[in-house]
Structure formats: C-alpha cells, structure tokens
Amino acid sequence: MIRRTAQQDPSLGNHLPPTCPSVEALEYELAFLVRRLEAARRKFNFGLERAHYLLLILLERNDRQSVGALADQVNLDASTVTRQVAAMKQAGLVDKQDNPDDRRGGFVTITEAGREAAATVRDRRLDRVERAFHDWTEEDRKAFARLTARYNDAMRDALNEE
C-alpha cells in the first residue's frame with residue numbers, strides 16, 4: 001500500500017500522522033465515527049429503540065415482510081428479529097399475520113401507531129442531522145450521503161457473504 005503524506009493529499013485530514021495511507025485514515029475515522037454515533041444515541045432520546053426504528057422504516061418502504069426478509073436486511077438472525085417483532089407487536093407498532101403457505105412463519109406489517117412513531121423519530125433524527133451538517137454545502141451533503149450509501153451497501157453485501 002502506498003503511503004501518502006498530508007502535503008500530497010490534504011483529504012487525509014490534519015489530525016492524522018502524515019504517513020497514514022487512505023485505508024488507515026478511513027479506519028481511524030470510522031472507529032471514532034462509530035463511537036460518536038453511539039454517544040449521540042445515548043445522549044439524545046429519539047423515542048424508539050434503534051432496532052425498532054430500523055425495522056419500522058423497512059416496513060414503511062415495503063410493508064408485509066417475513067421475519068427472515070427483515071433479518072437479512074439488518075444483518076441479524078431471524079430469532080433476534082422475532083424477539084424484536086414480538087416486543088414491537090406488544091407496543092402496537094406492528095402486526096403479525098399468518099402465512100397460509102408456511103404455518104411457522106408469517107408476515108409483519110406496520111400499524112398506524114408504528115408509522116406515527118417512525119415519523120416522530122425521523123423528525124427528531126433529521127433535526128440532529130441538519131444541525132450536524134448545517135455548515136456543509138448542499139453538494140458536500142449529497143456527496144457524503146452518496147458515499148455513505150455506497151459504504152453501507154458494501155458492508156451489507158460483505159456481511160451477507162460471510
């Protein structure tokens with residue numbers, strides 16, 4: 001791997017050793033990003049558990065999914081998602097309907113209360129994101145969103161391969 005200096009590539013950041021290659025810089029930044037996202041999750045009460053919010057937004061986009069399909073999308077095993085869905089059903093956020101072709105499985109659907117809860121959390125999260133990126137240009141925000149989506153897709157695919 002070729003090591004670049006900050007003088008050769010200012011995108012490596014000014015707080016990194018000048019000999020860090022881009023992969024090392026990414027690893028460093030991602031390590032702290034994950035930590036800061038966890039700190040933000042603990043500091044700001046968005047009103048739903050993170051896992052519940054993720055499942056609700058998947059159901060908003062494509063309602064009536066199996067537990068297995070939901071599990072694949074969030075890179076969890078079906079038993080974990082089954083427990084989450086049970087808690088969400090008890091809270092009135094989702095319903096579970098029988099699958100006539102498979103008595104063991106069923107389909108999860110979002111309720112009106114689930115839609116309202118997801119919308120409330122989304123509004124709170126959007127406010128935090130807007131504050132964090134208030135001094136970024138629209139072009140920079142779009143580029144970051146595009147690259148983050150690309151990275152998320154690559155992570156999902158890598159986790160599904162293993």
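The protein chain exposes about 11800 Å². Carbon and sulfur atoms supply 52% of that area. This is a predicted model. Of the 162 residues in the chain, 23% are buried.

**Fold**
- The chain holds six helices and three strands.
- Their order along the sequence is α-α-β-α-α-β-β-α-α.
- Among contacts with a separation of 6 or more, 42% join residues 24 or more positions apart.

**Aromatic pairs**
- The structure contains five aromatic pairs.
- One of them joins Tyr28 and Phe32, with 5.1 Å centre to centre and 45° between the planes, a tilted arrangement.
- Both Tyr28 and Phe32 belong to helix H1, which spans residues 22–43. They sit four residues apart, about one turn of the helix.
- Tyr28 is partly exposed, at 31% relative accessibility. Phe32 is also partly exposed, at 37%.
- Phe44 and Phe46 form a tilted pair, because their planes meet at 45° and their ring centres lie 6.4 Å apart.
- Phe44 has a relative accessible area of 22%, so Phe44 counts as partly exposed. Phe46 has 15% relative accessibility, so Phe46 counts as buried. The cut-off for buried is under 20%.
- Phe133, Trp136 and Phe144 are linked into a cluster by ring pairs.

**Charges over rings**
- Arg125 places its charged end over the ring of Phe46, 5.8 Å from the ring centre.
- Arg64 lies over the face of Phe107, and the distance to the ring centre is 4.0 Å.

Key: Residues numbered from 1 in each chain as written. Predicted model: local features only at pLDDT ≥ 70, side-chain atom pairs only at ≥ 80, totals over all residues. Heavy atoms only, no water. Helix = DSSP H or I, 4+ residues; strand = E, 2+ residues; numbered from the N terminus. Buried < 20%, exposed > 50% of the residue type's maximum accessible area, 1.4 Å probe, protein only. Contact = heavy atoms within 4.5 Å. Areas by Shrake-Rupley, 256 points an atom, 1.4 Å probe, with all protein chains shown as cover. Phe/Tyr/Trp six-rings, centres within 6.5 Å; stacked < 30°, edge-to-face > 60°. Lys NZ or Arg CZ within 6 Å of the ring centre and 35° of its normal.
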